[in-house]
Structure formats: C-alpha cells, structure tokens
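Subject: Structure handover

Hello,

Here is the structure you were waiting for. My notes follow below it.

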Amino acid sequence: PGLFLVRATKAGGYQLIYQGMGFLSVMKSAHKGVHDIAIGGPGFEFPVLAWNGKEFVGSRTIKDKDLPAPIN
C-alpha cells in the first residue's frame, strides 16, 4: 500500500513529510520530540526513520518481532 504522512501547516494547509510504500508503525523512541516510525510489512527487518527537524531520515533497522505492534 502507498503511504503518505502529512502535517498541518500554520497557513491551514498540509505539508507532505513522508511518502513511500508499506505499513506504518509508530515507535516508542523519538528524536526532536517526534516519535520514530518503522515502515514495512510482515517479514524480516524494516527501516526505522527518525525526525531530524525537517524530514524523516533512516536511523536503523528493526526486526519484525521487535515492533511495538504488528504491521501485517
């Protein structure tokens, strides 16, 4: 499935902050006050993205069994 993550702007619109394929899992860890996210589907390992203040960037990987909630 396609994934689009947006945030509301002060002007009343929306800003695209992430676009990709897969399912979203919100992690307990956070950077700059924003929770990290894992993107993937059932199976092996998935990228974990961290907020750097402007965008989500790759920070590490996580095994399916270690996700906070199943994403399948």
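Contact here means heavy atoms within 4.5 Å. This is a predicted model, in which local features need pLDDT of at least 70 and side-chain atom pairs count only at pLDDT 80 or more, while totals for chains, interfaces and linings use all residues. Residues are numbered from 1 along each chain as its sequence is written, and side-chain values use heavy atoms, with hydrogens and water left out.

Phe 56 first. Leaving aside neighbours within four places in sequence, Phe 56 contacts Leu 5, Ile 17, Tyr 18, Val 34, His 35, Ile 37, Leu 49, Ala 50 and Trp 51.

Phe 56 also belongs to the largest nonpolar core, which has 8 residues, including Leu 3, Ile 39 and Trp 51. A nonpolar core is a set of buried Ala, Val, Leu, Ile, Met, Phe, Trp, Tyr and Cys residues joined through side-chain atoms within 4.5 Å. Buried means under 20% relative accessible area, exposed over 50%, partly exposed in between (1.4 Å probe, protein chains only).

Now Asp 36. It sits in strand 4; strands (E, at least two residues) are DSSP runs, numbered from the N terminus. Asp 36 is buried, at 0% relative accessible area. Its side chain makes polar contacts with the side chains of His 31 at 2.8 Å and Arg 60 at 3.3 Å. A polar contact is a pair of N or O atoms within 3.5 Å; within protein, one must be able to donate a hydrogen and the other to accept it, and residues adjacent in sequence count only if both atoms are side-chain atoms.

Gly 2, in strand 1, is exposed at 54%.

Best wishes

Key:
Helices (H or I, at least four residues) and strands (E, at least two) are DSSP runs, numbered from the N terminus.
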